[in-house]
Amino acid sequence: MTWVLSAFADEAGPTAEDQIKALKRAGYSHIDIRGIDGHNITVLPQDKAREIRRKLDDAGIKVAMYGSPIGKIDIADDVETDLAKLRHLGGLIDIFDCKAVRMFSYYNKGGASPEKWQSESLSRLGKLKAEAGKLGLVLYHENESHIFGDHPAECAVIARELRDGKTFRMIFDFSNFNMGGDDVWAGWELLQPVTDCFHLKDSDANRQHVLMGQGAGHAKRILADAIKRGWHGPLTLEPHLSHSKAVMATGPSGKANEAFSAMSQADSFHAAAQAAKNLLKDIGAPVV
């Protein structure tokens, strides 16, 4: 039962070379590709993808997941936009030898009723799940501020309706629950049976992003509990310590950490990468 540690290395730099250098420096052997060489993963041309794959192979780095923005649109927007992005990712499976897709569950900018918001989000997620099944992809839903899957109770609804452990799985992001004002430990107690992946991002009571284990997300306690429960799966570092172009492209909630403002992106990412590894080592996590 192993834990696969990866990272959104676009927070270290925009190019494939920047990201590979940062991962090698930190001793990480997996990457979640989000933005790279000027392209979001959902529009990355296949010839460019093959070039990047060769560079990753030469560095001994594997792709763990695609960091897509699928689901970060409004319930009034055309769902075909997301389906097209998903189909593009289906075309990258053989190039990157990766089927896992990070995604979300829809904004409600028009102020529709909670019932309408829920039903429309679940309907769209159902369409994505069906399309992913056809393409051979596996969806990983991330809790995120201001989408339907913001709070633990909403994530529990999504998991109940859609999670099958095959085509549709669930991500637990410590900081995003904290940003929403939730008791993160209580959220873990509710969601631990349906948690398939962790995002290693932490923040404090003032909504400032901090190193893993230094915030209000109960990260160390939750991850230690996951070990006791025999949990296994992927973990992805997503520091958000400084609001680089890569971070700003995600529409982040919370504040950048001024303590890291004088650092380069690469150094800030490295500090986060080391903190995450140290936390996992302290609890005896079976990381590869």
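This report covers helix packing and selected loop residues in a predicted model.

**Helix H9 and its surroundings**

Helix H9 spans residues 219-228. Its buried residues are Ala 219, Ile 222, Leu 223, Asp 225 and Ala 226. Viewed along the axis of H9, these buried residues fall within an arc of 155 degrees, so they line one face of the helix.

Gly 230 follows H9 and has a positive phi, near 80 degrees. As a general rule, most residues other than glycine have a negative phi. With a relative accessible area of 33%, His 218 is partly exposed.

**Helix pairs**

Two packed helices are described by the angle between their axes and the distance between the axes.

| Helix pair | Axis distance | Crossing angle |
|---|---|---|
| H8 (residues 184-191) and H9 | within 10 Å | roughly 20 degrees |
| H1 (residues 16-26) and H11 (residues 265-282) | within 10 Å | roughly 35 degrees |
| H3 (residues 80-90) and H5 (residues 114-135) | 10 Å | about 20 degrees |

H8 and H9 cross in a right-handed sense. On the H8 side the contact is made by Val 184, Trp 185 and Trp 188, and on the H9 side by Arg 221, Ile 222, Asp 225 and Ala 226. Of these, Ile 222, Asp 225 and Ala 226 are among the buried residues of H9. Angles under 35 degrees count as roughly parallel, and H8 and H9, at roughly 20 degrees, are therefore roughly parallel to each other.

The crossing of H1 with H11 is right-handed. H1 contributes Ala 22, Leu 23, Arg 25 and Ala 26 to the contact, while H11 contributes Ala 266, Asp 267, Phe 269, His 270, Ala 273, Gln 274 and Lys 277.

H3 and H5 also form a right-handed crossing. Their angle of about 20 degrees likewise makes H3 and H5 roughly parallel to each other. Here Asp 82, Leu 83, Leu 86 and Arg 87 of H3 meet Lys 127, Leu 128, Glu 131, Ala 132 and Leu 135 of H5.

**Loop residues with buried positions**

Arg 34 sits in the loop between strand S2 (30-33) and strand S3 (35-36). Its relative accessible area is 4%, and Arg 34 is buried.

Asp 204 belongs to the loop between strand S10 (202-203) and strand S11 (209-210). A relative accessible area of 17% places Asp 204 in the buried class, for which the cut-off is under 20%. The side chain of Asp 204 reaches the backbone nitrogen of Asn 206 at 2.9 Å. Apart from residues up to four places away in sequence, Asp 204 touches Asn 178, Val 210, Gly 215 and Ala 216. Asp 204 and Gly 217 are 13 residues apart in sequence, and their C-alpha atoms are 7.6 Å apart in space.

His 240 lies in the loop between strand S12 (233-237) and helix H10 (245-248). At 3% relative accessibility, His 240 is buried. Phi of His 240 is positive, near 60 degrees, in a residue other than glycine.

Thr 15 is located in the loop between strand S1 (3-7) and H1. Thr 15 is partly exposed, with a relative accessible area of 27%. Setting aside neighbours within four places in sequence, Thr 15 is in contact with Ile 36 and Asp 37. Between Thr 15 and Trp 3, which are 12 residues apart in sequence, the C-alpha to C-alpha distance is 27 Å.

Terms used: Residues are numbered from 1 along each chain as its sequence is written. This is a predicted model: local features need pLDDT of at least 70, side-chain atom pairs count only at pLDDT 80 or more; totals for chains, interfaces and linings use all residues. Side-chain values use heavy atoms; hydrogens and water are left out. Buried means under 20% relative accessible area, exposed over 50%, partly exposed in between (1.4 Å probe, protein chains only). Helices (H or I, at least four residues) and strands (E, at least two) are DSSP runs, numbered from the N terminus. The arc is that of the directions from the helix axis to the C-beta atoms. Axes are lines fitted to C-alpha atoms, for helices over the stretch in contact, and angles run from 0 to 180 degrees between N-to-C directions. Angles under 35 degrees count as roughly parallel, over 145 as roughly antiparallel, 65 to 115 as roughly perpendicular and the rest as oblique. A crossing is left-handed if the near helix is turned anticlockwise from the far one by less than a right angle, and right-handed if clockwise. Contact means heavy atoms within 4.5 Å. A polar contact is a pair of N or O atoms within 3.5 Å; within protein, one must be able to donate a hydrogen and the other to accept it, and residues adjacent in sequence count only if both atoms are side-chain atoms.
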